[in-house]
Amino acid sequence: MDSKEINHLLELARIELSSQEKEKITSDLEKILDYVKQLQELDTTGVEPMTGGTLLQNVCREDEIHKQKENDQLKNSVLDTEEGYFKVPPIFE
Amino acid sequence: MIKELHQKLVNKEITAVELINHYFNIIEEKDNQIKAFLSLVEKEKVLKQAEQIDEKINKGENINLLEGIPFAIKDNMLALGTRTTAGSKILEDYESGFESTAVKSLKDQGAILIGKTNMDEFAMGSSTENSAFFPTKNPCDLTRVPGGSSGGSAAAVKSEMVPFALGSDTGGSVRQPASFCGIVGFKPSYGTVSRYGLIAMASSLDIISPLTQTVEDAELVFKIIAGQDSMDSTSFNLPTDSDKKKDKEFKIEDLVFGLPKEYFQKGLDDVIKKKIEEAIKKIESQGAKIKEVSLPTSSYALSCYYIIMPAEISANLARFDGIRYGGIKNLKIDNLRDLYFKNRGQGFGAEVRRRIILGTHVLSSGYYDAYYKKAQQVRKLINEDFNKVFQEVDFLLTPTSPTLPFKIGEKSDNPLAMYLSDIFTVGANISGVPAINLPCAWTENNLPVGLQLIGSYLSDYQLLQAAKLIEKIII
């Protein structure tokens, strides 16, 4: 795994790291990927992937509106609000 | 233990107020050292609840089994009126916006929430050292870790700061700390307990699970928190045929236990091996049949887990953007992009970042088939292995952890060594089957050894019944 690849992953995951932290995470990831590559030993030709933990399918509920109470707790945790809206820095310069 | 406390309340040997004071006193006395709790519910509020219960008792009204019984929850479960940090800086000031279904079910029965316990950040770790706040210590030996990620809940129950606690188990996060602390930790079948209000780690593996002193207590708590919930579409009621079976009593001599040979090979601590073999001999001498079996793909379970779990993490933790659930204070932010990168870079600890990046990698274009799809196919093979083995035997007996509780700091710089802590527990999550840790022996240095009992999918009540029989034999 080279630095270009790590930078790409950090970009996708929206995480900023120092160059020291980048080095450490690169070497950790290499070790982990080296360990998990043992899966390639197993022949899985024609095996249907198990996509989740559940056997349930198409769980539906009545299409009804449930009004939720105005929740101050939700707003309490947000750094900045104005007139009931979440306030964020500008997206366009 | 819960039944005894209930009886004492009903018989007026103790009041609900005295019970609360008793546990708060123990916390005050012991938690400076053990550090099991991240936050406590205000004592005044808790005492008011207890007073109401005492009034009911005094009027001669009936009370529920859990009414007035205090409990704690891992700090990744939302409970109104508490902060929920998940052990992370990024959620340091996050006020629970609603109530987890499992917590609501317990409160509806009159159980009293008294605190929220420490954990590895976002439940990622096997030692509770990854908490952004402080590590928790093992009550059996304060120089050692309590296991993780539900280490705070395990330590709180072990040191009798609460009669029971909830944890969450994604790859062993309840059973392994239960093993390290010498208590019971029960991971139910996937989907039997609602995940609503549990901060998601890996959604296809996560389940809320009780930590208790006895199997009977684990069953009592499980009965309350289990059941279908419209807020979690993967939850369901245990099917009626297994409900019927749960009432069918069986004896130890009716049972066949399988010993998967792969769980007793290299990597297993010699002392644990010896103690587990002694326990198995005791179980056999009581008339149970013991049979060596094989789960050929089990040695791939950890690798499979370390692809599926981080993949789900990378998606689940995308919601922590520094806006919606709060973020790091006093950052110098120029624009929105900056806000994301800085909050996530500084708000998440090293292990969380590692797993998000790993998950991003295995899901990224060009690698998806080689990693993620392959792991899902291996998951299917592991699941088939469990299905096959349960046609031969009723339950599996294995060690819960390959090592005894290790020293604080011993593995914190070596992620892969830490990951191996879960090698015997991840299989049950990959496959969705129920499993329980039972304390089975103590070493010369007074460290606990845990025995894991694994059952077939949806055999939860039978598994608990078998665990009660074994509990009597080995302790």
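In which loop of chain B is B:Phe122 found? B:Phe122 lies in the loop between S3 and H5 of chain B. The model is predicted, with local features requiring pLDDT of at least 70 and side-chain atom pairs counted only at pLDDT 80 or more, while totals for chains, interfaces and linings use all residues. Residues are numbered from 1 along each chain as its sequence is written, chains are lettered from A and ligands numbered from 1 in the order in which they are written, and side-chain values use heavy atoms, with hydrogens and water left out.

Chain B contains 16 helices and 11 strands, where helices (H or I, at least four residues) and strands (E, at least two) are DSSP runs numbered from the N terminus. The radius of gyration of chain B is 22 Å, close to the 23 Å that the globule rule gives for 475 residues, so chain B is as compact as a globular protein of that length. The radius is taken over C-alpha atoms, and the rule is 2.2 Å times the number of residues to the power 0.38. Along the principal axes, the C-alpha atoms of chain B fill a box of roughly 70 × 65 × 45 Å. Of the 475 residues in chain B, 65% are buried; buried means under 20% relative accessible area, exposed over 50%, and partly exposed in between (1.4 Å probe, protein chains only). Contact means heavy atoms within 4.5 Å. Among contacts in chain B between residues at least 6 apart in sequence, 76% join residues at least 24 apart.

Accessible areas come from the Shrake-Rupley method with a 1.4 Å probe, and for residues only the protein chains shown count as cover. Chain B carries 56 positive and 60 negative charges, whose mean positions are 3 Å apart. Lys and Arg count as positive and Asp and Glu as negative, with His and the chain ends not counted; the place of a charge is NZ of Lys, CZ of Arg, CG of Asp or CD of Glu.

Chain A has three helices and two strands, which follow the pattern α-α-α-β-β along the sequence. Its radius of gyration is 23 Å, whereas a compact globule of 93 residues would have one near 12 Å. The C-alpha atoms of chain A fill a box of roughly 55 × 45 × 25 Å, taken along the principal axes. Buried residues account for 26% of the 93 residues in chain A. Chain A exposes about 7400 Å², with 48% of this supplied by carbon and sulfur atoms. Its side chains include 11 positive and 21 negative ones, and the centres of the two sets lie 4 Å apart.

The contact between the chains takes 52 residues from chain A and 67 residues from chain B. About 5300 Å² is buried between chain A and chain B, of which carbon and sulfur atoms give 67%; buried area is the accessible area (1.4 Å probe) that two parts lose on being put together, summed over both. In chain A, the residues that lose the most area to chain B are A:Tyr35, A:Leu39 and A:Met50, together 13% of what that side buries.

Within chain B, helix H4 (residues 101–108) has the buried residues B:Thr101, B:Ala102, B:Val103, B:Ser105 and B:Leu106. The buried residues of H4(B) pack against strand S2 (70–74), strand S4 (164–169), strand S6 (207–212) and helix H7 (215–225) of chain B. Just after H4(B), B:Gly110 takes a positive phi of about 95°. Helix H16 (residues 460–474) of chain B includes B:Ile474, which is buried at a relative accessible area of 5%. Leaving aside residues up to four places away in sequence, B:Ile474 touches B:Ala279, B:Lys282, B:Ile283, B:Leu438, B:Pro439, B:Cys440 and B:Leu451. B:Ile474 and B:Leu438 are 36 residues apart in sequence, and their C-alpha atoms are 9.1 Å apart in space.

Most residues other than glycine have a negative phi, and most peptide bonds are trans. B:Phe122, although not a glycine, has a positive phi of about 50°, and it is buried, with a relative accessible area of 3%. B:Lys35, also not a glycine, has a positive phi of about 65°. B:Lys35 sits in the loop between helix H2 (16–34) and strand S1 (37–40) of chain B and is partly exposed at 33% relative accessibility. The peptide bond from B:Gly148 to B:Ser149 is cis, with omega near 15°. B:Ser149 belongs to the loop between strand S3 (112–117) and helix H5 (151–158) of chain B.
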